[in-house]
Amino acid sequence: MIRFEAAAKAYPARRGHASVAALSDITLDVPEGAILGVIGRSGAGKSTLIRLVNGLEKPTAGRVTVDGVDMGALDEAALRAERRSIGMIFQHFNLLARRTAFDNVALPLEIAGLPAREIKARVEPLLELVGLSDKRDRYPAELSGGQKQRVGIARALATRPRVLLSDEATSALDPETTNQILALLRKVNAELNLTVLLITHEMAVIKAVADRVAVIDGGRIVEEGATYDVFAAPQHATTRSFLSALTGQSLPPELANRLTAEPAPGRDAVLRIVFTGSHATDPVLSRVSRLLSVDVNIIQAQVDEIAGAPFGVIVVSIPGDAATVAAVVGAVERLHLSAEVLGYV
Ligand SMILES: Nc1ncnc2c1ncn2[C@@H]1O[C@H](COP(=O)(O)OP(=O)(O)OP(=O)(O)O)[C@@H](O)[C@H]1O
């Protein structure tokens, strides 16, 4: 539904500033009905990526298509028409203060020239869908952040788009409200078969809502894949650093400070074992311990759910001699899980 084909965006040099390569060689597919999350730090190029999809910027190389339409090749009139099939929600909601919830949702339909009766027939079910029927006559100032974003979502859906772009839509919300809004995004995604491209700087958002994730760094995609796979086996340092911000993913500081890369006599090895898929609930540690007669000391454990599937990370220490480490890693891998030596203490 959304396709980046070797797309690049360079902002031209201006008043003493060199040109900026905001995005380079972006190749990315968002299949119809999928939720793809793009995560990156400030300045990584996330907003530029979204602006290429809605045609606010044109790529300086490559193409960006939405349902086959080359967004960079449209003139202004064609672009305006095409944007009706692309809804957008924003970090700061962008509601009109002097319009009620109903009138904010109605705005894109008024602009499209729909008659009042038809507007009412569309807006009311949308307010119902986002759980705001009782707030239809409230002004934005009378709504909570979460309620304002619900209005934003209803407004984005008013023109019955096939694609929804979300620009840090939960960044101004507390964690509980964030989860409610993300649940609503999943609901509209499923009920309306909407394709969603969302950008965020939080892995928790990706974990809660995205089927697939692309990690962007310095204007390039450094890692992309099914959310579950990326969480289970992150390949790039940037991805790992985003994951370490999630509770339970990083080592306790006291341990991290003592960790050395090289083994030495008398030291223990610290292993991270990732429990995934159908083996997530296997009693691996007791099996390995029994099989190899090795004492396994649990340092940290976390069980979670990603995209509805169980996922666990456990950090253990074992005797650090090379033979024991190789035997334990081998045994864990034979049980279809992955084990990584983090270091020695
Ligand atoms: N109109 C512009 N002119 C020149 N440079 C720009 C322009 N817009 C963005 N940039 C630059 O392009 C790069 C990517 O910016 P972009 O806004 O896409 O990043 P971002 O990941 O969305 O960051 P943030 O999370 O802080 O919004 C940055 O180096 C930025 O300074």
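This passage looks at one strand with its neighbours, and then at the residues around the ligand.

The model is predicted; local features need pLDDT of at least 70, side-chain atom pairs count only at pLDDT 80 or more, and totals for chains, interfaces and linings use all residues. Residues are numbered from 1 along each chain as its sequence is written.

Strand β7 covers residues 163-167, and five of its five residues are buried (20 or more other C-beta atoms lie within 10 Å of the residue's own, with C-beta atoms placed from the backbone). Strands here are DSSP runs of E with at least two residues, helices are runs of H or I with at least four, and both are numbered from the N terminus. Val163, Leu165 and Asp167 point one way from β7, while Leu164 and Ser166 point the other way.

On either hand, β7 has a partner to meet (strands pair if DSSP finds at least two bridges between them). Strand β6 (residues 86-90) runs parallel to β7 and is joined to it by five bridges, with isoleucine 86 partnering valine 163. Five bridges also link β7 to the parallel strand β8 (residues 195-200), where isoleucine 199 stands opposite aspartate 167. From β7 the chain crosses through helix α6 (residues 175-192) to β8 in a right-handed β-α-β crossover (with the strands pointing away from the viewer, the path from the first strand over the helix to the second runs clockwise).

Turning to the ligand, the residues surrounding it include Tyr11, Val20, Gly40 and Lys46 (the C-beta atom, placed from the backbone, lies within 6 Å). Elements giving two or more residues to this shell are β2 (20-30) and α1 (46-53), and α1 provides the largest share, three residues.

Key:
Buried ≥ 20, exposed ≤ 12 C-beta atoms within 10 Å, placed from the backbone.
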